[in-house]
Amino acid sequence: MYKFRKLTDADIKGKTVVVRANLDVPLDEYGEIVDDTRIKASIPTYEYLLKQNCKIVVIGHLGRPNGKYVDELSLFPVRFALGKLLGIQIKFTQLESCANSIKYMNPGEITMIENLRFDPREESKNENERREYLKILTELCDVYVNDCFGVYKKHASVYDLPQMMESYAGFSIINEVENLNKLKEESKSPFVGIFGGAKIEDKIPVIEKFLNKVDTILLGGAMAYTFLKAQDINVGKSKTQDDLLDVARDILTKAQNSKTEIILPIDHLASDSFDSEAKVIEIQNQNIPDNLVGMDIGPKTTVMYREIIESAQTVLWNGPMGVFEFENFNKGTESIGEFIALGTPKGAYKVAGGGDTILAMQKLKIKPSRFNHVSVGGGMMMQFLSNDELEVLKILSE
Ligand code: AMP
């Protein structure tokens, strides 16, 4: 259990506060922000600091630029979105040239610094490099606040900087941890985990950690095809992570000796190409022909998953069941989201989380208010729930 150092216990009046926020919003092909849930998550923290007459320096990242400048991943549009939400103008600067911008800020002003991941030092494995990267902020700011529920790895802005200065947990982090703790510590059986999506590399290893913690795991999205392929089931041209086939096989074997049952799709919606206009081809069994791509769970799977969800007392959902961005292949995600929102028994504790899950909910009109909690962090939520402790949170605790 974390006992966070809280802003409300600190003397921060008039101080310069650097806030590490979750600014990693989804963008469309024109670079427009399609969902601002993550930006909104830290509004209570900014408002509190503004009331305390603080000067606020906002830092964060967008996407995966891999240590290089990528025009489309600039935080410039995020600065406007945040300014609009708070009703104030926000200044924008690069880290290398932030000194004057920060020194000459007035109380009640906010400055945002460009995407920290444009420099490889943010994610470096070398501690000295990471510490060096953001040292300037320890000289220009008095206090650090982590309000980013979304990055759990040892990156400079969430792991090193808070150890180099007076640091606190922000309201968004505290809210996430309180709500997710209910699921972690008081979950009632049957506990059903529904996992989908495409960031398989991060997600497959975490599934193992849920064995014996949940009763049933329902798999969908691209992730399911790696597990099917691991059992020599034909998945055609579907997206798989072949270097994780052994890991998937191992998880399935371990599941047999655990209390957890892993269930895979029994039919699919496929297409002959990965295309928004592609025609739907229904595959009525598990095997996808060589020339086809698996795009969504099929109707028989949807009914089977529905029955399991309807009996659940605790539900955790992360990741879409199919390519929900394409209208022809959004039905699986829509139905599963609806079943969780409306079909679970009264009193069931329901949590959804992750950027794409939130986006799918918004697009498919699945109401967040039907869930007990919607987490802004997908990977971090899964890590939080399946690990005893996360270092990035521990360092914000007494
Ligand atoms: P994640 O960020 O891991 O939750 O993955 C979300 C992405 O998974 C969405 O953009 C979906 O389009 C994608 N996805 C879901 N199902 C599939 C599939 N069958 N094939 C390829 N991508 C998929």
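This is a predicted model: local features need pLDDT of at least 70, side-chain atom pairs count only at pLDDT 80 or more; totals for chains, interfaces and linings use all residues.

Student: Which residues lie nearest the centre of the second largest pocket?

Tutor: Those are T37, I358, P368, V374 and V376, out of 13 residues that line the second largest pocket. Helix 1 (37-41), helix 8 (171-186), helix 14 (355-363) and strand 15 (373-375) each give two or more residues to this lining. The space in the second largest pocket comes to about 250 Å³.

Student: How do the residues of that lining divide into nonpolar, polar and charged?

Tutor: Six are nonpolar, five polar and two charged.

Student: Why is the second largest pocket said to lie between domain 1 (7-175) and domain 2 (187-386)?

Tutor: Both domains give residues to its lining, so the pocket lies between them.

Student: Let's turn to rings. What makes F195 and F210 an aromatic pair, and why is the pair called tilted?

Tutor: Ring centres must lie within 6.5 Å, and the centres of F195 and F210 are 5.3 Å apart, so they pair. Their planes make an angle of 50°, which is neither under 30 degrees (stacked) nor over 60 (edge-to-face), so the pair counts as tilted. F195 sits in strand 7 (residues 191-195) and F210 in the loop between helix 9 (200-209) and strand 8 (216-219), so the pair ties together parts 15 residues apart in sequence.

Student: How many aromatic pairs does the whole structure hold?

Tutor: The search finds 10. Ring pairs also link Y2, F4, F149 and F384 into a cluster.

Student: What makes K184 count as lying over the face of F384?

Tutor: NZ of Lys has to be within 6 Å of the ring centre and within 35 degrees of the ring normal. K184 is 4.6 Å from the ring centre of F384 and lies over its face. R79 is likewise placed over the face of F80, at 4.7 Å from the ring centre.

Student: Why is N66 called exposed, while N212 is called partly exposed?

Tutor: N66 reaches 59%, so it is exposed; N212 has 46%, so it is partly exposed. N66 belongs to the loop between strand 2 (55-59) and helix 3 (76-86), and N212 to the loop between helix 9 and strand 8. Neither is a glycine, yet phi is positive, about 55° at N66 and about 75° at N212.

Student: And why is K153 called partly exposed?

Tutor: Its relative accessibility is 40%, between the cut-offs of 20% and 50%, so K153 counts as partly exposed. K153 lies in the loop between strand 5 (143-147) and helix 7 (156-164). Its C-alpha atom is 7.3 Å from that of V392, although 239 residues separate them along the chain.

Student: Finally, which peptide bond is cis, with omega near -5°?

Tutor: The one from S189 to P190. P190 is in the loop between helix 8 and strand 7.

Notes
Residues are numbered from 1 along each chain as its sequence is written. Side-chain values use heavy atoms; hydrogens and water are left out. On a 1 Å grid over the protein atoms alone, a cavity is a set of points where a 1.4 Å probe fits but cannot get out, and a pocket is an open set with protein on both sides within 12 Å along at least five of seven lines; lining residues have an atom within 4 Å of a point. Grid points are joined across faces, edges and corners, and a volume is the space filled by probe spheres set on the points. Helices (H or I, at least four residues) and strands (E, at least two) are DSSP runs, numbered from the N terminus. Ala, Val, Leu, Ile, Met, Phe, Trp, Tyr, Cys and Pro count as nonpolar, Asp, Glu, Lys and Arg as charged, and the others, Gly among them, as polar. Domain bounds come from an automatic or database domain assignment. Rings of Phe, Tyr and Trp (its six-membered ring) pair if their centres lie within 6.5 Å; planes under 30 degrees apart count as stacked, over 60 as edge-to-face and the rest as tilted. Buried means under 20% relative accessible area, exposed over 50%, partly exposed in between (1.4 Å probe, protein chains only).
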